[in-house]
Amino acid sequence: MGRVIGIDLGTSNSCVAVVEDGRPIVIPNSGGYKITPSFFAVSPDGQQLVGYPARRQAITNAANTVFATKRLIGRRFGSAEVQRSMELYSYGIVEGPNEDPRIEIVDRTYTCAEVSGIILGEMKRIAEAYLGDSVEAAVITVPAYFNDTQRQSTRDAGRIAGLDVLRIINEPAAAALAYGMGRDAEEKIAIYDLGGGTFDMSILEMSDGVVEVLATAGDTFLGGEDFDRRIVEHLLAGFEEENGIDLRSDSTAMQRLKDAAEKAKCVLSLRDRTEINLPFIASDGGGARHLSCELRRDELEALVEDIVDETLRSVERCVRDSGLSNEDIDHVVVVGGQSRMPMVQQAVTDYFEQRPHKGVNPDEVVALGAAIQGSALVGGTQDVLLLDVTPLSLGISTYGGHFTRLIDRNTTVPVNKSHLFTTTRDDQAAVKIRVLQGENEVALENDLLGEFVLAGIPPAPKGEPEIEVSFDIDSSGIVSVSARDVATGMEQSITVNSKSTLSAEELELLIEENSLFDVEFKA
Ligand code: ADP
Ligand code: MG
């Protein structure tokens with residue numbers, strides 16, 4: 001096999017790395033930059049643009065510039081996250097045939113996996129240009145807190161880009177691999193990763209090249225984008241108060257605001273105050289209107305305080321789940337662009353009562369770790385082993401709409417578990433297996449990954465048939481499930497697939513329809 005690249009496919013920026021002579025290095029793009037914006041656009045003359053060229057023209061071509069698809073991938077169109085994105089983003093988001101959000105721009109409609117595939121394709125080309133050789137295989141990172149559907153869609157995106165996705169690994173685990181390379185001390189580390197769209201928290205134990213994830217927590221819809229949004233809302237409200245004009249429906253103005261908000265936010269990581277000037281942002285009977293105001297660091301901090309607090313709640317849960325206490329943590333590593341904000345640094349420092357470790361580049365460490373894992377998978381790098389965990393509990397819906405867990409969150413993967421279930425009615429001929437991921441006791445409140453029916457169960461009193469359900473989570477965190485009627489040996493299985501997302505209403509209907517197929521734990 002040829003070279004394996006590691007790709008950090010970020011909400012805001014992506015990064016590609018490779019192992020050369022036993023050392024991981026980040027590959028710069030043709031402009032010399034080590035990170036590439038996860039932007040895709042179609043220009044007015046029909047040209048496809050990816051990365052910086054797409055980002056540079058975002059304001060003048062707002063409706064046809066796509067970004068932050070990582071916030072949409074693998075979600076249902078009706079979800080609160082997709083609806084919130086539709087309010088803020090100036091490109092079109094429409095409902096696809098599988099209730100998935102799709103992106104509608106000037107030339108056509110794209111699935112989220114396609115757009116991610118275009119970005120991954122660009123990262124592949126960047127690597128090929130550098131290596132002077134074609135690249136077929138990659139390890140791609142995802143937030144640890146991604147569920148099965150989000151992982152599968154990301155893997156599909158890799159395939160669309162023409163890559164053999166050797167493995168999907170979690171961003172914090174990748175960061176730990178890169179951080180741990182060449183250190184042989186036994187250490188417990190906490191990784192706090194606050195990027196553009198997602199927040200991940202992991203606690204890991206490292207010794208002799210073995211990186212074992214003890215616990216992970218996070219939020220796949222919390223990141224720098226939300227900080228920007230708070231600033232935009234603040235600016236919108238101020239402008240409306242002063243001028244009586246609501247800019248929300250003007251996509252160019254919204255894109256300019258978002259852009260200015262992000263710039264101001266970054267400046268405020270270094271300074272106490274900054275000016276925001278957006279001339280000719282609107283016009284009315286009275287002529288052109290300009291937006292001009294000052295934003296202070298303390299104002300920004302007040303706008304986003306609750307978001308930072310929210311991340312600390314995940315930190316707390318993660319520490320608890322790891323079975324450790326704060327004092328047991330030897331080092332805290334802070335990753336992701338948004339963690340450059342002083343308030344975030346301070347919150348982490350206060351929480352762990354120690355300063356975050358400095359020696360890693362927060363923009364590059366995840367891609368470097370992916371490259372290390374890729375090299376290890378093809379036998380290049382010998383001395384690393386990654387033992388990761390599943391972020392969410394996995395189970396099925398049982399009689400009464402209960403969520404019955406088969407695999408608890410934070411279980412090391414790969415893992416395989418099976419359990420016997422039985423019927424709830426006499427002569428019940430079929431059972432429906434609904435596979436769910438989440439932490440809620442109520443089945444419907446979790447993510448439905450997929451469902452299938454095992455039919456042809458011979459007539460028997462309720463509670464007697466033995467149906468063995470096996471769950472498998474592979475090293476990429478991807479789920480497959482099978483069910484077998486022990487008496488007849490008949491079997492049904494699925495690799496739960498990302499097309500099976502259903503709306504809550506549909507689910508309810510199905511549950512009504514299928515109460516005939518209820519299934520229960522076999523004592
Ligand atoms: P992702 O991995 O999700 O692509 P990154 O780790 O590249 O995200 O982080 C991008 C986010 O970090 C963006 O929201 C960006 O505005 C924010 N960011 C970058 N630099 C700074 C800074 N100096 N201060 C505050 N936020 C920053
Ligand atoms: Mg990232």
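Reader: What makes Arg 434 and Glu 451 a salt bridge, and how far apart are the closest N and O atoms?

Author: In this predicted model, the closest N and O atoms of Arg 434 and Glu 451 are 3.6 Å apart, and a salt bridge is defined as a side-chain nitrogen of Lys or Arg within 4 Å of a carboxyl oxygen of Asp or Glu, so the pair qualifies. Residues are numbered from 1 along each chain as its sequence is written, and chains are lettered from A and ligands numbered from 1 in the order in which they are written. Local features need pLDDT of at least 70, side-chain atom pairs count only at pLDDT 80 or more, and totals for chains, interfaces and linings use all residues, while side-chain values use heavy atoms, with hydrogens and water left out.

Reader: Which parts does the pair of Arg 434 and Glu 451 tie together?

Author: Arg 434 belongs to strand 23 and Glu 451 to strand 24 (residues 447-454), so the bridge joins parts that are 17 residues apart in sequence. Helices (H or I, at least four residues) and strands (E, at least two) are DSSP runs, numbered from the N terminus.

Reader: Why is Arg 434 called buried, and what does Glu 451 count as?

Author: Buried means under 20% relative accessible area, exposed over 50%, and partly exposed in between (1.4 Å probe, protein chains only). Arg 434 has 6% and is therefore buried, whereas Glu 451, at 22%, counts as partly exposed.

Reader: What do the side chains of Arg 55 and Glu 262 meet in?

Author: They meet in a salt bridge, with an N to O distance of 3.3 Å. The pair links distant parts of the chain, since Arg 55 sits in helix 1 (residues 52-56) and Glu 262 in helix 7 (residues 251-267), 207 residues apart. Arg 55, at 29% relative accessibility, is partly exposed, and so is Glu 262, at 25%.

Reader: In which strands do Arg 484 and Glu 468 lie?

Author: The side chains of Arg 484 and Glu 468 meet in a salt bridge at 3.2 Å, N to O. Arg 484 lies in strand 26 (residues 479-485) and Glu 468 in strand 25 (residues 467-473), so the parts tied together are 16 residues apart in sequence. Arg 484 is partly exposed at 28% relative accessibility, as is Glu 468 at 24%.

Reader: How many salt bridges does the count come to?

Author: The count comes to 31 salt bridges, and a network of them links Asp 321, Arg 405, Arg 409, Glu 439 and Glu 441.

Reader: Why does Thr 424 count as buried?

Author: Its relative accessibility is 18%, so Thr 424 counts as buried. Thr 424 is placed in the loop between strand 22 (415-423) and strand 23 (431-437), and its C-alpha atom is separated by 25 Å from that of Asp 408, 16 residues apart along the chain.

Reader: How do you know that the chain is as compact as a globular protein of that length, and what is its radius of gyration?

Author: The secondary structure comes to eleven helices and 28 strands. The radius of gyration is 24 Å, close to the 24 Å that the globule rule gives for 523 residues, so the chain is as compact as a globular protein of that length; the radius is taken over C-alpha atoms, and the rule is 2.2 Å times the number of residues to the power 0.38. The C-alpha atoms fill a box of roughly 80 × 60 × 50 Å, taken along the principal axes, and buried residues make up 56% of the 523 residues.
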